[in-house]
Amino acid sequence: MSSHLVWSIIRNNNAFLRKKRNINKPFSTEPNNLTNLSSYRYNGLVHKKTVGVVDAPDKKGFTVVYKKATKQNKPRQCIVKRTMKSGPRRSLAKLERLLKANKYRTDLTKAALRRASAVLRSQKPLPAKKQKAKKQE
Amino acid sequence: MSLATARPLVSVYNEKSEEIKEYPIALPAVFKAPIRPDVVNFVHQQLSMNHRQAYCVSDKAGHQTSAESWGTGRAVARIPRVRGGGTHRSGQGAFGNMCRGGRMFAPTKPWRRWHRRVNVNQRRYALASAVAASGIPALVLSKGHVIDQVPELPLVVSDKVQELTKTKQAVQFLRRVKAWSDIQKVYKSQRFRAGKGKMRNRRRIQRRGPLVVYHKDQGLRRAFRNIPGIDLISVEKLNLLKLAPGGHVGRFVIWTETAFQRLDRLFGSWKVPSAEKKGYNLPQPKMSNTDLARLLKADEIKKVLRVPQKKVVRRVRRLNPLSNTRAMLRLNPYAAVLKRKAILQTRKRLQKKPVAKVAAEKAKAPEKKKTPTKKTPTKK
């Protein structure tokens with residue numbers, strides 16, 4: 001059924017919804033959500049085409065997960081994973097090209113790039129904070 | 001009407017979760033029924049009342065005394081008090097809901113209306129919605145079931161499953177069909193109930209897992225019943241409380257082949273009324289095409305709309321012409337001329353002033369010299 005229909009059923013009531021006090025925007029923990037916000041655009045379940053960006057299994061680079069639009073009812077065959085290992089600039093460019101060239105959810109490109117950069121940044125070694133503490137002592 | 005939405009073919013999987021390519025089944029029309037979570041919720045609520053057992057207070061409770069009020073004049077409240085003496089109980093208040101040992105306010109009665117009736121059509125509507133929702137991966141995922149690796153939704157399995165007798169075989173089957181991760185989730189969710197239910201024989205709770213719908217039980221029930229989270233129903237007795245637990249649509253359902261084929265006869269399609277439910281036809285949706293995005297881009301609709309106004313008109317701040325020269329000039333361009341004139345005039349006036357002043361001083365000064373002044377001269 002159309003994504004709009006499913007969204008209006010799900011929007012206020014689903015297993016991934018996270019609402020907390022004093023925070024106006026509800027979050028969502030479903031796997032293919034680029035911003036983790038619970039909204040129609042970013043929802044990872046409702047649409048025929050979805051983009052997800054995850055940490056690559058060996059902690060180097062990230063994996064792009066996207067849905068095949070034709071295999072809607074077959075969850076096992078639906079998802080395609082592509083790991084981007086080359087350095088940050090190249091993988092981000094690859095991501096962007098992947099989405100734009102296939103006209104695949106171009107409204108998500110910015111969010112996808114952001115998430116990919118965040119993943120890459122998290123993989124960089126942490127800056128040496130311990131030295132500073134020693135000096136102060 | 002695009003209600004006759006294409007009835008895609010659903011492949012049947014054998015117990016080893018391999019696709020039997022020879023005979024896919026056309027999706028029964030129920031799966032295209034409108035999904036109405038409000039109807040489902042209402043019907044679920046009503047139906048779940050039907051399993052209730054009555055509870056009430058004993059009707060003698062609080063009245064097994066012959067208490068009578070002492071009346072006025074005894075410096076005590078007028079509540080009926082227990083007669084007699086020789087025990088703590090004598091003289092204590094009785095009968096009232098405020099008294100210790102008295103009967104409660106509005107004692108609960110067994111003839112409370114425990115059960116609810118629901119219109120047959122509503123019940124069927126809710127069932128159809130629940131079945132339809134079980135065929136949409138997004139809804140089943142949103143309910144929390146783990147179906148990422150399931151080969152197809154709705155999941156139809158060959159009838160051999162009905163002949164399974166051992167739980168071990170059942171587990172193996174679920175593993176092969178990739179439904180086992182849903183059951184693992186059930187295992188992880190096993191916990192003690194919060195609250196007094198613990199002492200009332202409802203100690204443990206767990207999630208709901210997959211629902212297996214079969215046509216003929218040839219051992220299936222006994223094989224599957226010990227697996228936590230699994231529920232089993234026969235197609236003939238589809239139960240909303242099982243198909244939409246909690247009143248929420250989207251349970252993960254595993255159908256056996258014959259059961260799946262029975263659905264068409266049970267519910268019919270919009271063209272063909274149901275063969276088994278007298279005079280029943282699937283509910284009509286309010287919108288035949290729910291894809292909003294496509295509707296809004298469609299030519300038929302665009303034709304009727306006016307041109308979109310993309311320019312954003314924002315509120316302009318109102319400026320007071322009396323204090324803001326540019327605002328004044330916008331209204332009255334001649335004001336520039338007037339102003340200029342005024343400026344020039346004052347300038348001229350000021351130029352004349354010093355000359356006049358000097359002349360005035362000269363006139364004053366000699367007068368001052370004549371009179372001796374004790375005053376100190378004021379500085380200028």
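The points below go through chain A and then chain B of this predicted model.

1. Overall make-up of chain A. The secondary structure of chain A comes to five helices and five strands, and read from the N terminus the elements follow the order α-β-β-β-β-α-β-α-α-α. Along the principal axes, the C-alpha atoms of this chain fill a box of roughly 65 × 40 × 25 Å.

2. The sheet of chain A. Strands E3, E4 and E5 of chain A form an open sheet in the order E3-E4-E5, with antiparallel pairing. The edges are taken by strand E3 (51–55) and strand E5 (79–84) of chain A, each of which pairs on one side only. On average, neighbouring strands of this sheet are turned by 25° against each other, with direction ignored.

3. The pairing of E4 with E5 in chain A. Strand E4 (residues 62–67) of chain A runs antiparallel to E5(A) and is joined to it by six bridges. Within this part of the chain, A:Val65 stands opposite A:Lys81, a residue of E5(A).

4. Helices on the sheet. Helix H3 (residues 88–101) of chain A lies across E3, E4 and E5 of chain A, and its direction is at about 5° to E4(A). Helix H4 (residues 109–123) of chain A also packs on the sheet, where it touches E3 and E4 of chain A, and its direction makes about 5° with that of E3(A).

5. A backbone point between these helices. A:Lys103 lies in the loop between H3 and H4 of chain A, and this residue has a positive phi of about 50° although it is not a glycine.

6. A cis peptide bond in chain B. The peptide bond leading from B:Leu153 to B:Pro154 is cis, with omega near 0°. B:Pro154 is found in the loop that runs between helix H3 (137–143) and strand E5 (155–157) of chain B.

7. An annotated span of chain B. An unreviewed UniProt entry places the feature "domain: Large ribosomal subunit protein uL4 C-terminal" at residues 278–351 of chain B. In the model this span is 50% helix and 0% strand, and its end C-alpha atoms lie 110 Å apart.

8. A nonpolar patch on chain B. B:Tyr334, B:Val337 and B:Leu338 make a nonpolar surface patch of about 290 Å². Of these residues, B:Tyr334 is found in helix H12 of chain B, which covers residues 334–370.

Terms used: Residues numbered from 1 in each chain as written. Chains lettered and ligands numbered in written order. Predicted model: local features only at pLDDT ≥ 70, side-chain atom pairs only at ≥ 80, totals over all residues. Heavy atoms only, no water. Patch = residues over 30% accessible without salt bridge, like charges linked within 9 Å, V, L, I, M, F, W, Y side chains within 5 Å. Areas by Shrake-Rupley, 256 points an atom, 1.4 Å probe, with all protein chains shown as cover. Salt bridge = Lys/Arg side-chain N within 4 Å of Asp/Glu carboxyl O. Helix = DSSP H or I, 4+ residues; strand = E, 2+ residues; numbered from the N terminus. Pairing = 2+ DSSP bridges. Axes fitted to C-alpha atoms, helices over the stretch in contact; angles between N-to-C directions. Contact = heavy atoms within 4.5 Å. UniProt positions renumbered as here; feature names shortened; annotations may be inferred.
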